[in-house]
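Me: I've got a structure on my screen and would like to talk it through, bit by bit. Can you take a look?

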Amino acid sequence: MISILVLSIGLATAVVTDVRTRRIPNWLTGAIAGAGFGLAFGGGTVTPAQAALGLLTGLLLMMPGHVIGATGAGDVKLMAAGGSVIGPDVVFRAFLYSAVAGGVFAIAVALHRGILVTTLHDASRLVTAPAGVREAIEAPARANRFAYGPAIATGTLLSLMVTL
């Protein structure tokens with residue numbers, strides 16, 4: 001239970017910080033990962049080996065999105081840090097739920113900004129020709145980026161609810 005509380009506080013802090021500044025700071029992801037390993041070594045819900053595998057799994061799952069420019073480095077580190085608290089099995093589910101939440105949030109943001117058609121077109125290009133879309137995704141004038149921390153928090157907490 002303490003693991004869920006620690007992770008929830010970390011995720012809530014990440015959401016507020018990401019929405020306000022569009023950054024998830026290293027001190028925060030480091031603190032979440034450190035807490036995950038501390039809980040694991042202290043007899044928490046995951047073992048130290050599961051904490052390490054969870055961190056690695058979260059990192060590996062999020063890295064492709066970062067490589068193509070769809071997510072930031074803070075998002076990658078947040079999923080990895082969360083993995084150290086919840087372990088590899090749950091972080092895999094959290095990743096999937098976060099992707100769905102991110103899609104829902106992206107549609108809502110695109111609707112709000114009046115760029116839904118362009119966003120859907122760019123999303124299809126991400127699948128068919130990812131190398132050519134990176135510049136479009138990162139172009140500030142396009143206003144198509146949004147904070148992904150809330151999607152990670154939503155997906156992670158939903159995955160914990162399903163697990164419990």
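Me: Which residues line the second largest pocket?

Reply: Keep in mind that this is a predicted model. The second largest pocket holds about 190 Å³ of space. Helix 1 (2-21), helix 4 and helix 7 are the elements that give two or more residues to its lining. The residues that line the second largest pocket are Met1, Ser3, Ile4, Thr45, Val46, Val85, Ile86, Val90, Leu160, Thr163 and Leu164.

Me: How many residues in the lining of the second largest pocket are charged?

Reply: Let's go by residue class. In the lining of the second largest pocket, eight residues are nonpolar and three are polar. For charged residues in that lining, the answer is no charged ones.

Me: OK, on to the other pocket. What is the volume of the largest pocket, and which element gives the most to its lining?

Reply: The largest pocket has a volume of about 1,100 Å³. Helix 3, helix 4 and helix 5 (116-128) are the elements that give two or more residues to its lining. With twelve residues, the one that gives the most is helix 4.

Me: Which residues lie nearest the centre of the largest pocket?

Reply: The lining of the largest pocket divides into 23 nonpolar, eight polar and seven charged residues. There are 38 lining residues in this pocket. Those nearest its centre are Ala70, Thr71, Leu126, Phe146 and Tyr148.

Me: How far apart should the ends of helix 3 be, at 1.5 Å a residue?

Reply: Helix 3 covers residues 48-67, which is 20 residues. The expected span is 1.5 Å times one less than the number of residues.

Me: Where does helix 3 bend, and by how much?

Reply: There's a proline to look at here: Pro64 follows the bend within four residues. Past the end of the helix comes Gly69, with a positive phi near 90°. As for the bend in helix 3, it is at Leu61, by about 25°.

Me: What do the buried residues of helix 3 pack against?

Reply: Start with the residues themselves: Ala51, Gly54, Gly58, Met62 and Gly65 are buried in helix 3. The buried residues of this helix pack against helix 2 (26-41), helix 4 (73-113) and helix 7.

Me: Is Ala153 buried or exposed?

Reply: Ala153 sits in helix 7 (residues 149-163). Leaving aside neighbours within four places in sequence, Ala153 is in contact with Leu11 and Val15. The relative accessibility of Ala153 is 6%, and the cut-off is under 20%, so Ala153 counts as buried.

Me: What is the relative accessible area of Ile107?

Reply: Ile107 has its place in helix 4. Along the chain, Ile107 and Gly54 are 53 residues apart, and their C-alpha atoms are separated by 29 Å. Ile107 is partly exposed, because its relative accessible area is 41%.

Me: Last one. What is phi of Arg22 near?

Reply: You'll find Arg22 in the loop between helix 1 and helix 2. Arg22 is partly exposed, with a relative accessible area of 40%. Most residues other than glycine have a negative phi. Arg22 is a residue other than glycine with a positive phi, near 65°.

Methods:
Residues numbered from 1 in each chain as written. Predicted model: local features only at pLDDT ≥ 70, side-chain atom pairs only at ≥ 80, totals over all residues. Heavy atoms only, no water. Buried < 20%, exposed > 50% of the residue type's maximum accessible area, 1.4 Å probe, protein only. Contact = heavy atoms within 4.5 Å. Bend = angle between axes of the 7 residues up to and from the residue. 1 Å grid on protein atoms, 1.4 Å probe; cavity = no way out; pocket = protein on both sides within 12 Å on 5 of 7 lines; lining within 4 Å. Points joined across faces, edges and corners; volume = space filled by probe spheres on them. Nonpolar A, V, L, I, M, F, W, Y, C, P; charged D, E, K, R; others polar.
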